[in-house]
Amino acid sequence: MMDKRKAQNPEFYVRPILYVSDVSLSTAYYCEKLGFQKDWGDDVFAQVSIHELELLIGCAKTLDMPKSRSTISVSMHVPSKLNVLYENLIRSGAQIVNPPHEVDWQKATYELSLEDLDGNVLLFWAAMGDT
């Protein structure tokens, strides 16, 4: 059976890799604080996902990769869920960088940003339009 994403776009399939200090701690943070689920992995490399978003988490030291901060931009297709997401993140104790706020670059577009344990940023945004 063909993966749904491959059937929709056979040319590309993108999964960002975040290099972190401790894969187990990071995986727990993504699952317990951000609502992701662990798909597979160990102490060196893992995958977490929520809805259609999949992230790979790798141990920078073990994999001999530089630990650098990344920003992942996530467009929300149901704008009304941005505030619901924010409320859930606050309740779970996630590290919020900026609560939902209107951006300067496009009217009626709002973004919310949070950090993981290694300073990687997830930036959720939604064009509210007339909703």
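Author: Buried means under 20% relative accessible area and exposed over 50%, with partly exposed in between (1.4 Å probe, protein chains only). This is a predicted model, where local features need pLDDT of at least 70, side-chain atom pairs count only at pLDDT 80 or more, and totals for chains, interfaces and linings use all residues. Residues are numbered from 1 along each chain as its sequence is written, and side-chain values use heavy atoms, with hydrogens and water left out.

Reader: Switching to the core: which residues touch the most other members?

Author: In the largest nonpolar core, which has 26 residues, Tyr-30, Leu-34, Phe-36, Leu-55, Leu-89, Leu-122 and Phe-124 do. A nonpolar core here is a set of buried Ala, Val, Leu, Ile, Met, Phe, Trp, Tyr and Cys residues joined through side-chain atoms within 4.5 Å.

Reader: Which element gives the largest share?

Author: Strand E4 (53–59), with four residues. Helices (H or I, at least four residues) and strands (E, at least two) are DSSP runs, numbered from the N terminus.

Reader: What does Phe-124 touch?

Author: Leaving out residues up to four places away in sequence, Phe-124 touches Val-74, Met-76, Leu-82, Leu-85, Tyr-110, Glu-111, Leu-112 and Leu-114. Contact means heavy atoms within 4.5 Å.

Reader: Now the four-stranded sheet. What's the strand order?

Author: E5-E8-E7-E6, an open sheet with mixed pairing; two strands pair if DSSP finds at least two bridges between them. E5 and E6 are the edge strands, each pairing on one side only.

Reader: In what sense do E6 and E7 pair?

Author: Antiparallel, over five bridges. Ser-113 in E7 is the bridge partner of Asn-98.

Reader: Last topic: how many salt bridges does the structure hold?

Author: One, counting a side-chain nitrogen of Lys or Arg within 4 Å of a carboxyl oxygen of Asp or Glu. Arg-69 and Glu-115 form this salt bridge, at 3.1 Å, N to O.

Reader: Where do Arg-69 and Glu-115 lie?

Author: Arg-69 is in the loop between E4 and E5 and Glu-115 is in strand E7, so the pair ties together parts 46 residues apart in sequence. Arg-69 is exposed, at 57% relative accessible area, and Glu-115 is partly exposed, at 22%.
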